[in-house]
Amino acid sequence: MILLIGMYFPITAQITFSNKSYPSAMTEAKKEKKGLFLDFYADWCEPCKIMEKEVFVLPEVGEYFDKHFICLKIDVEKPENKEIVQKYQVNALPTMLFINNKGEVLQVLNGVATPADFLHQAMIATGEALSFEQLYIKLKKDKKNLELKQEFLARAPVFISTQQGYEREKWTTRIETIFDEYLRTKTIANMANPNDFILLTMFYNKKAKIDPIFDALVSNYSLYVENVGEAKINRYLVSLFNSYIISLCREGKTEYKQELERINGDLKIIYGNIPFGKLTAFEAINLLADGYYNLFRKNTDVFFEKMNQYFEGAESVTTANNYTKPVEDLFSIYQGKIPETAYSKVIPWLEKAITFSQMSSQVRTRVLYILGDCYKETDNAIKAKQYFNQAFVTSASIEDKTMMLRLQQMIQSKLNSL
């Protein structure tokens, strides 16, 4: 019967964790000529549970780990594990170590890893894949190998996130140099493919005044639409251009007006596909740029005038974020205390924002909280209480319980002050 069940309902392969002690597991690893995989965890650790439920259970993961490692789970809370926790200096959870049968650490993983990265780290530990450092050494010997450079750059973000201080600065400089070389050698026209496009979005994220890379992307727009997808290339180019315009506005450079002329020129093919209600793309972006230029100069009257003109024209296609983002930026510019006259002017924007159903509980709670605060500042205690109470009720749906409690404490404090 057991055999028949196995035939029709295959048992899911996953990492098999040993019940042995660390010394016994090490002895077994030496005997079987395997490595040792240690998963340091605690019952209260949520990222540990994610790894256990979403990564350790995968068949491809279980098959590889059971073949190459003796696997051991170590509860850092148990007194009998204190010595090994100190030995390997575990100070973050989850910490996952790949160790050879001499007790030497080969690879360290902290936090949640994707299944692909988790397996790749295991393969580095077994010698079946190159570490990032080894890949760099190989690349220095084979500088013209574009495939090697592509792999190096694709792995760079995960690696750099594990570095600190001088090491992080050193590797950041190396990675930027390799990217510049790769870009110069391969050229934008030959990077119109999904893998290279990912590299562009990772390493080229700021447009300059004179920018041959951005201009080459625009010139090769149709090629990128065909090989990467219209939505992706549009989103990328619009993000680069809009960020550049905002940077000019922030710096008080009126040349942003001249730059915006490109929306009626070579960028028309991109912006022309974006709906702005009754406004043309040129009109809409100009209103937003004018608004932010004045916000950065703290000319709030003009800021509200331009933004309201934008909302009136684009109302049919706006989202909740269109209304909440300028409010957040306003509070940021004034470091949390906006001019008294501004509170009544942001209320209609926030009340419009909460009419949209697609909003997370956390964001909705924050919007309701700010609305309560705005009504409090305009001496409307009844409305203030109404929105603070709505915020408190909405906060109960926030999945992050720490954040939920923090917001509820803030809301309760506001209610007590009314």
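Strands (E, at least two residues) and helices (H or I, at least four) are DSSP runs, numbered from the N terminus.

I'm looking at a predicted model, where local features need pLDDT of at least 70, side-chain atom pairs count only at pLDDT 80 or more, and totals for chains, interfaces and linings use all residues. Residues are numbered from 1 along each chain as its sequence is written, and side-chain values use heavy atoms, with hydrogens and water left out.

**Sheet.** I looked up β2 (residues 35–41) and β3 (residues 69–75) and found them running parallel, joined by 7 bridges. Leu36 sits opposite Ile70 in β3. Helix α4 (residues 59–68) packs on the sheet and touches β2, β3 and β4 (95–99); contact here means heavy atoms within 4.5 Å. The direction of α4 makes about 105° with that of β3 (axes are lines fitted to C-alpha atoms, for helices over the stretch in contact, with angles from 0 to 180 degrees between N-to-C directions).

Then I traced the strand order: β1-β3-β2-β4-β5, an open sheet of 5 strands with mixed pairing. β1 (17–18) and β5 (105–110) are at the edges with a single partner strand each, so one side of each has no neighbour in the sheet.

**Helix pair.** Next I checked α9 (residues 165–186) against α10 (residues 194–203): their axes come within 12 Å and cross at roughly 135°. That makes α9 oblique to α10 (under 35 degrees is roughly parallel, over 145 roughly antiparallel, 65 to 115 roughly perpendicular, the rest oblique). In α9, Phe179 and Lys186 are among the residues that meet α10, whose side includes Asp196 and Phe203.

Technical notes
Two strands pair if DSSP finds at least two bridges between them.
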